[in-house]
Amino acid sequence: MSPNLYELFDVISGQAPLTQGFVERNTDLLRSSAPFSVFFYTCLWTVKLSFLLFFRRLGLNVRGQKIWWWYVLVITLLTWAATVADHDWKCSVRPVEWIWVNCSTPSAIKFINHTFYANCTMDVATDCLSTYHDILKRIDLQMDTLTRAQ
């Protein structure tokens, strides 16, 4: 699969000519972009969920932490659904001839780029929410420790 990916990059950038067998060799590559995208974002968000579950165990006794944890969990699940839903499905499941004609237009490439930027933003935002959740717990623990010490 990777030689076809490199060939695709070379043809798109103009470094290699478009040959007769190119379309046949790259049909599977184009069709695999949707499952790969879903698998990638699912794996990435699974790691986020595992951290959230770990953080939940740390703050079981604090009511405010539980509420924040549920908020972050819902946001994380919604952003996962958005990253899967905003994939350009028509450029993955239609006939390869249609994909070559309609998915290489400037507007289609702009949409793919904006989708990528939006997914990166959602990734970083959910990371920040999870980290903020952890920071709040640490502050609460330090406050409890200071209160007990006095």
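Visitor: What does Lys 48 form with Asp 123?
Guide: Lys 48 and Asp 123 form a salt bridge, and their closest N and O atoms are 2.5 Å apart. This is a predicted model, by the way.

Visitor: Where do the two partners sit?
Guide: Lys 48 belongs to helix α3 and Asp 123 to helix α7 (residues 106-149). They are 75 residues apart, so the pair links distant parts of the chain.

Visitor: Is Lys 48 buried or exposed?
Guide: Lys 48 counts as buried because its relative accessible area is 6%, and the cut-off for buried is under 20%.

Visitor: And Asp 123, buried or exposed?
Guide: Asp 123 is buried too, with a relative accessible area of 18%.

Visitor: Which side chain does Lys 48 meet at 2.4 Å, N to O?
Guide: That one is Asp 127, in another salt bridge. Asp 127 also lies in helix α7, 79 residues from Lys 48 in helix α3.

Visitor: How accessible is Asp 127?
Guide: Asp 127 is partly exposed, at a relative accessible area of 35%. Together, Lys 48, Asp 123 and Asp 127 are linked in a network of salt bridges.

Visitor: How many salt bridges does the structure hold?
Guide: There are three in the structure. One of them joins Lys 90 to Asp 88, with 3.1 Å between the closest N and O atoms. Lys 90 is partly exposed at 41% relative accessible area, whereas Asp 88 is buried at 11%.

Visitor: OK, switching to Asp 86. Where is it?
Guide: Asp 86 is in the loop between α4 (63-85) and α5 (90-93).

Visitor: What's the nearest side chain of opposite charge to Asp 86?
Guide: It is Lys 90, 12 Å away. Asp 86 is buried yet has no salt bridge.

Visitor: So what does the Asp 86 side chain have a polar contact with?
Guide: With the side chain of Asn 119, at 3.5 Å. Setting aside neighbours within four places in sequence, Asp 86 is in contact with Phe 111, Thr 115, Asn 119 and Met 122.

Visitor: Let's do the helices. How does the span of α3 compare with what its residues should give?
Guide: Helix α3 covers residues 33-58, and its 26 residues should span 38 Å at 1.5 Å a residue. The end C-alpha atoms are 38 Å apart, which agrees.

Visitor: Which α3 residues are buried?
Guide: Besides Lys 48, the buried residues of α3 are Ala 34, Ser 37, Tyr 41, Trp 45, Leu 52 and Phe 55.

Visitor: And how far does α4 reach?
Guide: α4 has 23 residues and runs 33 Å from its first C-alpha to its last, close to the 33 Å expected. Its buried residues include Trp 68, Trp 69, Leu 73 and Thr 76.

Visitor: Zooming out, what is the secondary structure of the chain?
Guide: Seven helices and zero strands. Along the sequence that reads α-α-α-α-α-α-α.

Visitor: How much of the chain is buried?
Guide: Buried residues account for 29% of the 150 residues. The chain exposes about 10300 Å², and carbon and sulfur atoms supply 68% of that.

Visitor: Last one: what share of contacts join residues at least 24 apart?
Guide: Among contacts between residues at least 6 apart in sequence, 72% join residues at least 24 apart.

Methods:
Residues are numbered from 1 along each chain as its sequence is written. This is a predicted model: local features need pLDDT of at least 70, side-chain atom pairs count only at pLDDT 80 or more; totals for chains, interfaces and linings use all residues. Side-chain values use heavy atoms; hydrogens and water are left out. Helices (H or I, at least four residues) and strands (E, at least two) are DSSP runs, numbered from the N terminus. Buried means under 20% relative accessible area, exposed over 50%, partly exposed in between (1.4 Å probe, protein chains only). Lys and Arg count as positive and Asp and Glu as negative; His and the chain ends are not counted. A salt bridge is a side-chain nitrogen of Lys or Arg within 4 Å of a carboxyl oxygen of Asp or Glu. A polar contact is a pair of N or O atoms within 3.5 Å; within protein, one must be able to donate a hydrogen and the other to accept it, and residues adjacent in sequence count only if both atoms are side-chain atoms. Contact means heavy atoms within 4.5 Å. Accessible areas come from the Shrake-Rupley method with a 1.4 Å probe; for residues, only the protein chains shown count as cover. The expected span of a helix is 1.5 Å times one less than its number of residues.
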